[in-house]
Amino acid sequence: MVMAGRVIFHIDMNSFYASVEQAHNPSLKGKALAIAGNPKERKGIIVTCSYEARAHGIYTTMQVHEAKKKYPGLLLMPPNFDRYREASRQMFEILRTYTDAVEPVSIDEAYIDVTELSADRHPVDIAEELQQRILKELDLPCSIGIAPNKFLAKTASDMKKPLGITILRKRDIQRILWPREVIEMHGIGESTAKKLNGLKLYTIGDLAQAPEGLIKEKMGKNGVRLQARARGEDNREVDPDSIYDRKSVGTSTTLPFDETDLESLKKIFRTLSAKVASRLHAKNLAGPTVSIQTRSADWKNRTRSVTLNNTVWKEQDIMVQAWQLFETHWNGEPLRLVGVTVSNVVDKGDMTEQLSLFNFEEHAKDEPILDLVARLESRFGKGSVSRGMPYHQSKHDAQTSLSKDFLSDHERKKR
């Protein structure tokens, strides 16, 4: 073995959407390019931008009119998700030529376990070959983190962009990671950082060396997990099937007799949606996927689902999606059972709204509110105004959520 223990890569495509556009149209290379919503009317928010744009102070989540004001020469393009999805599919095909142990994290990000390959080749040689293949075959840059576990690999891939290859060993974390502020640690957001600061834990090293009892008492299980990561401990396996793990909240009912009346069925769906909403509320959960289940009089089971841009938890929102699915797919056959489910659920308190191709237009609609907030903050101070449901934005590329289409690409591979 060239390296002892596991060898995990984290592959992170660099400025993915902008890079795909530059590969598609080489005349865009070397130019300050941003992918944004409704660029013709200069509305919306920057979804991602090239490194040339970042050099001018442009960043993801910046409003388009602000970006153009900061750098008038910025090139704006509308997103082309079909193009990005195809590039993602090709990237994952390349990864799977090395090993089946490929875990998709998002449309432009993956973990791969190259432990067996590293028995015969140095991991850096493998990483360099992989990086160059993606660059030559797809004309797309990526950064690769090499480490003995997923957390350190993810951390390493962020250290050098674009086209970086970084090794991060456990023996290096005290020197490299511990001096950094806790907010810089992967998995820690603003609210968690504030809690840690309140405990007088300001650096990753402070968190790693804090009394375990204090962390467990004040931060719970999540704090214990974060402390282990700060110490470089992470036993998670690279799991190709992890994206299919779907936590869900749902309910169904067996009807007293085979039902065919549309209005009666609509009332039943409304009742079921209310029950699901109540359970979600009780558990403080929300999810982006709404599914319906039906069983016909001759015992044929059918499931139909839709994955939305953002999460739902309210009765009316669930009902609208469930009923639309039912009206679209029901063929009039008598039904003996119906059900409604919301899946891929997460804790609403931990939700981070991912800026993606699916919701940038919704953000654009918020611009009048954002402008008002900006004016109020200029008068009363930064952070003096907040939304009803907070979400954290990063100046780094926002990852798209695993869309239904993206999942289907990997489900086809799985068969």
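This is a predicted model: local features need pLDDT of at least 70, side-chain atom pairs count only at pLDDT 80 or more; totals for chains, interfaces and linings use all residues.
Two strands count as paired if DSSP finds at least two bridges between them. Helices (H or I, at least four residues) and strands (E, at least two) are DSSP runs numbered from the N terminus. Within this pair, P104 stands opposite A110 of strand 6.

The two strands belong to an open sheet of five strands with the order 5-6-1-7-8 and mixed pairing. Neighbouring strands are turned against each other by 15 degrees on average, direction ignored. Axes are lines fitted to C-alpha atoms, for helices over the stretch in contact, and angles run from 0 to 180 degrees between N-to-C directions.

## Strand 7 and its partners

Strand 1 and strand 7 pair in the antiparallel sense over six bridges, and D12 has S143 of strand 7 as its bridge partner. Strand 7 and strand 8 run parallel and are joined by three bridges. Here the bridge partner of I144 is I165 in strand 8.

Six of the six residues of strand 7 are buried, so this strand is largely enclosed by the rest of the structure. Buried means under 20% relative accessible area, exposed over 50%, and partly exposed in between (1.4 Å probe, protein chains only). Both faces of strand 7 are covered, with C142, I144 and I146 buried on one side and S143, G145 and A147 buried on the other.

Contact means heavy atoms within 4.5 Å. Helix 5 (residues 123-138) lies across strand 1, strand 6, strand 7 (142-147) and strand 8, and runs at about 160 degrees to strand 7.

L95 lies in helix 4 and counts as buried because its relative accessibility is 0%. Leaving aside neighbours within four places in sequence, L95 is in contact with I11, V102, A110, I112, L130 and I134. The C-alpha atoms of L95 and I112 are separated by 7.8 Å, and the two residues are 17 residues apart along the chain.

A nonpolar core is a set of buried Ala, Val, Leu, Ile, Met, Phe, Trp, Tyr and Cys residues joined through side-chain atoms within 4.5 Å. The largest such core has 31 residues, of which F9, F16, L95, L130 and I134 touch the most other members. Strand 1, helix 1, helix 4, strand 6, helix 5 and strand 7 each supply at least two residues of this core. Its largest share, seven residues, comes from helix 4. A second, separate core of 26 residues includes A153, A156, A193 and M219.

Helix 1 contributes F16, Y17, V20, E21 and H24 to the contact, and helix 4 contributes R83, Y84, A87 and S88. These residues divide into five nonpolar, two polar and two charged. Ala, Val, Leu, Ile, Met, Phe, Trp, Tyr, Cys and Pro count as nonpolar, Asp, Glu, Lys and Arg as charged, and the others, Gly among them, as polar.

An open sheet of three strands has the order 3-2-4 and mixed pairing. Strand 3 (46-49) and strand 4 (75-77) stand at its edges, each with a single partner strand, so one side of each is left without a neighbour in the sheet. The twist averages 30 degrees from one strand to the next. Strand 2 and strand 3 run antiparallel and are joined by three bridges, with T48 of strand 3 as the bridge partner of I35. Helix 1 packs on this sheet, touching strand 2, strand 3 and strand 4, and its direction makes about 115 degrees with that of strand 2.

L33 is found in strand 2 (residues 33-36) and is buried, with a relative accessible area of 0%. Beyond neighbours within four places in sequence, the contacts of L33 include A18, E21 and Q22, as well as C49, L74 and M77.

## Basis of the values

Residues are numbered from 1 along each chain as its sequence is written, and side-chain values use heavy atoms, with hydrogens and water left out. Local features need pLDDT of at least 70 and side-chain atom pairs count only at pLDDT 80 or more, while totals for chains, interfaces and linings use all residues.
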